[in-house]
Amino acid sequence: MSDTAVLSRKADFPGLVTADGEPWHYLDTAASAQKPQVVVDAMSRALGADYATVHRGVYGRSAQMTLGYESARRRVAEFIGAKSENEVVFVRGATEAINLVAASWGMVNIGEGDRIVLSTLEHHSNIVPWQMVAERTGAQIDVCPLTEDGQIDLGALEAILTPRTKLVSLAHVSNVLGSVLDARAAADLVHSVGAKLMLDGCQAAPRMTLDMAAIDCDFYAFSGHKIYGPTGIGVLWAREEILDGMPPWQGGGAMIDRVTFEKTTYAPPPQRFEAGTPMITEAIALHAAIEYIDDMGVDQAYDHERQLARTLREALSAHNSIRLFGPEESAGIVSFAMEGVHPHDLGTILDEEHVAIRAGHHCAQPLMDHLGVPATARASFGLYSDESDIAALLRGIERTQRIFG
């Protein structure tokens with residue numbers, strides 16, 4: 001992506017300036033992406049002049065809002081290569097999506113002595129729900145190790161899998177290391193023992209073209225706020241036949257067929273899993289975000305972010321006091337540690353330079369234990385990032401080194 005194109009994109013994002021109108025070097029996109037003005041405008045219209053609830057009203061505006069809400073579902077299905085919009089469940093975020101699968105599919109299909117496989121690099125949201133299932137059912141959790149450069153070790157995964165393995169849940173892209181899973185190869189291994197594969201796609205959805213049929217997983221989850229959309233909405237995709245067999249997770253309005261005090265019957269998926277008034281305005285804004293990144297070109301942005309990660313890793317590798325984590329080729333995410341400087345101190349000094357990074361364990365404490373550090377500093381790029389952001393980060397690091405001697 002050319003410098004001119006990136007500058008044009010930067011202008012689309014009102015959050016990329018300080019209160020004084022100075023450039024804000026936002027390098028925390030892996031935590032949450034900035035929002036383009038078209039998304040802000042779409043949500044503002046949905047909350048204002050266009051607002052009405054959906055699915056229930058017989059008046060015109062409700063009908064129009066319903067069309068907009070369901071149009072967002074169809075657009076998501078198209079974006080991820082789903083067979084049908086009936087495979088797309090709107091949730092509050094990827095965390096809720098994983099909890100939904102764990103509580104509904106997991107509690108029915110996983111029993112005592114069964115195995116659940118996770119990897120060392122998983123986010124807490126892809127660990128804790130499965131621990132809860134294991135505690136309640138008597139299942140066991142197996143942990144797949146990493147290769148030396150921080151990739152999920154598929155050779156080790158193959159050795160771990162047994163006929164008692166029921167579910168494997170892995171990050172498509174690591175939120176700490178930026179390492180990219182060979183998702184189709186993982187799916188082939190998992191299916192060879194009759195297990196199901198769930199993928200945490202939070203970091204992949206904004207960075208690469210998705211095709212559920214080509215990946216061949218069974219469940220896929222991502223959050224809207226990481227793909228330049230609003231908070232409070234996410235997506236669970238699952239095969240239609242799997243959703244059909246899953247019991248409801250939450251009860252209430254909109255997810256029913258018929259309610260009596262003697263018996264309640266439930267709506268088909270995806271409505272079965274969307275109890276209560278849904279995230280109407282968030283879905284419409286998510287639609288706008290997908291349109292925006294599709295217009296820009298997801299693959300083009302991915303190449304751009306990977307190149308920025310290469311540039312930053314090369315610059316940081318020149319500092320003997322800096323330890324880099326993860327593979328040389330990463331999906332726009334670079335984690336590192338400075339000798340003698342806690343990541344929180346680095347983040348505070350960088351903030352004074354109008355540079356925003358993430359500092360901490362990144363909701364991946366088992367990975368921190370594996371790396372032998374309590375926390376890392378993480379710079380993560382978005383489609384609006386450019387080399388000026390890297391230059392500002394490096395200036396801040398040099399200032400930090402002078403302060404700490």
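Analyst: Happy to; we can start with the overall picture and then go into some details. Keep in mind that this is a predicted model.

User: Good to know. How many helices and strands does the protein have?

Analyst: There are 14 helices and 15 strands. The radius of gyration is 22 Å, close to the 22 Å that the globule rule gives for 405 residues, so the protein is as compact as a globular protein of that length. Along its principal axes, the C-alpha trace spans about 75 × 55 × 35 Å.

User: And what share of the residues is buried?

Analyst: Buried residues account for 55% of the 405. As for the surface, the protein exposes about 16,600 Å², and carbon and sulfur atoms supply 50% of that.

User: Let's move to strand S12. Is it enclosed or exposed?

Analyst: Strand S12 covers residues 333-338, and six of its six residues are buried, so the strand is largely enclosed by the rest of the structure. Ile333, Ser335 and Ala337 point one way, while Val334, Phe336 and Met338 point the other way.

User: Which strands does S12 pair with?

Analyst: One is S11 (residues 322-325), which pairs with S12 in the antiparallel sense over four bridges. There, Arg323 has Ala337 of S12 as its bridge partner. Another is S15 (residues 376-380), also antiparallel to S12 and joined to it by four bridges. On that side, Phe336 stands opposite Ala377 in S15.

User: What does its side chain reach?

Analyst: The side chain of Arg313 reaches the backbone oxygen of Gly326 at 3.2 Å. Leaving out residues up to four places away in sequence, Arg313 touches Leu324, Phe325, Gly326, Pro327, Glu328 and Val334.

User: Nice link. One more: which residues of helix H7 are buried?

Analyst: In H7 (residues 183-191), they are Ala183, Ala186, Ala187, Leu189 and Val190. Seen down the axis of H7, these buried residues fall within an arc of 165°, so they line one face of the helix.

User: And what covers them?

Analyst: The cover includes helix H6 (154-160), strand S5 (165-171), strand S6 (196-200) and helix H8 (212-215).

Methods:
Residues are numbered from 1 along each chain as its sequence is written. This is a predicted model: local features need pLDDT of at least 70, side-chain atom pairs count only at pLDDT 80 or more; totals for chains, interfaces and linings use all residues. Side-chain values use heavy atoms; hydrogens and water are left out. A polar contact is a pair of N or O atoms within 3.5 Å; within protein, one must be able to donate a hydrogen and the other to accept it, and residues adjacent in sequence count only if both atoms are side-chain atoms. Contact means heavy atoms within 4.5 Å. Buried means under 20% relative accessible area, exposed over 50%, partly exposed in between (1.4 Å probe, protein chains only). Helices (H or I, at least four residues) and strands (E, at least two) are DSSP runs, numbered from the N terminus. The arc is that of the directions from the helix axis to the C-beta atoms. The radius of gyration is taken over C-alpha atoms; the globule rule is 2.2 Å times the number of residues to the power 0.38. Accessible areas come from the Shrake-Rupley method with a 1.4 Å probe; for residues, only the protein chains shown count as cover. Two strands pair if DSSP finds at least two bridges between them.
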